[in-house]
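Please open the model in your viewer and keep the sequence panel at hand.

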Amino acid sequence: MRAFHRKATSQTPAVDFDYEAHELRISGESWLEDATKFWVPVLNSVREYLDGAINENIKVDVQLSYLNTGSFKAMIQLYRRLDEAAKKGNAVAFSWRYRKDDEMARGYGEDLEASVQATALQITFKEEAL
């Protein structure tokens with residue numbers, strides 16, 4: 001599998017998924033009116049990767065300072081898929097990063113964690129300096 005990349009725009013986050021390193025990074029803001037158009041290829045890429053992931057150490061780093069409703073729903077789908085991968089024996093480390101002064105960004109991560117009844121996956125919150 002090749003890596004999956006999307007550059008950030010004024011309305012979309014950057015997505016960098018290095019399959020060989022087992023690392024997914026998502027950063028920026030997601031203001032999309034049609035979130036499905038952006039997120040479906042991302043989620044399909046994750047699904048395709050996870051279908052072949054067996055006993056992998058998977059690292060997920062998310063730093064989103066804004067999420068609209070459609071993008072938040074996509075993050076819920078991502079989190080559920082990663083939880084399923086963890087249940088199947090993969091070690092999945094999910095980090096939610098946010099700037100020290102950005103309580104809203106931390107809140108998105110907390111809302112995500114509260115919205116999904118994950119049994120094998122937890123979010124690690126990482127506050128970063130200004």
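Begin by selecting β1 and strand β2 (residues 14-18), which pair in the antiparallel sense over 3 bridges. Strands pair if DSSP finds at least two bridges between them; helices (H or I, at least four residues) and strands (E, at least two) are DSSP runs, numbered from the N terminus. Within this pairing, Phe4 stands opposite Phe17 in β2.

The model is predicted, so local features need pLDDT of at least 70 and side-chain atom pairs count only at pLDDT 80 or more, while totals for chains, interfaces and linings use all residues. Residues are numbered from 1 along each chain as its sequence is written, and side-chain values use heavy atoms, with hydrogens and water left out.

Next, display the whole sheet. It is open, with 6 strands in the order β1-β2-β3-β4-β5-β6 and mixed pairing. Its edge strands, each pairing on one side only, are β1 (4-6) and β6 (123-128). From one strand to the next, the twist averages 15 degrees (axes are lines fitted to C-alpha atoms, and angles run from 0 to 180 degrees between N-to-C directions).

Now select strand β4 (residues 57-67) and strand β5 (residues 91-99), which run parallel and are joined by 6 bridges. Asn57 has Ala91 in β5 as its bridge partner. Right-handed is the term used if, with the strands pointing away from the viewer, the path from the first strand over the helix to the second runs clockwise.

Move on to β5 and β6, paired in the parallel sense over 6 bridges. Phe94 stands opposite Ile123 in β6, and Trp96 opposite Phe125. Together with helix α3 (residues 103-115), β5 and β6 make a right-handed β-α-β unit.

How many aromatic pairs does the structure hold? There are 7, where rings of Phe, Tyr and Trp (its six-membered ring) pair if their centres lie within 6.5 Å, and planes under 30 degrees apart count as stacked, over 60 as edge-to-face and the rest as tilted. Select Phe17 and Tyr49: their ring centres are 4.9 Å apart and their planes are at 65 degrees, so the pair is edge-to-face. Phe17 lies in strand β2 and Tyr49 in helix α1, so the pair ties together parts 32 residues apart in sequence.

Finally, select Arg47, Leu50, Asp51, Ala53, Arg81, Glu84, Ala85, Lys88 and Asn90, which line the largest pocket. On a 1 Å grid over the protein atoms alone, a pocket is an open set of points where a 1.4 Å probe fits, with protein on both sides within 12 Å along at least five of seven lines; lining residues have an atom within 4 Å of a point. Both α1 (35-51) and α2 supply at least two residues of this lining.
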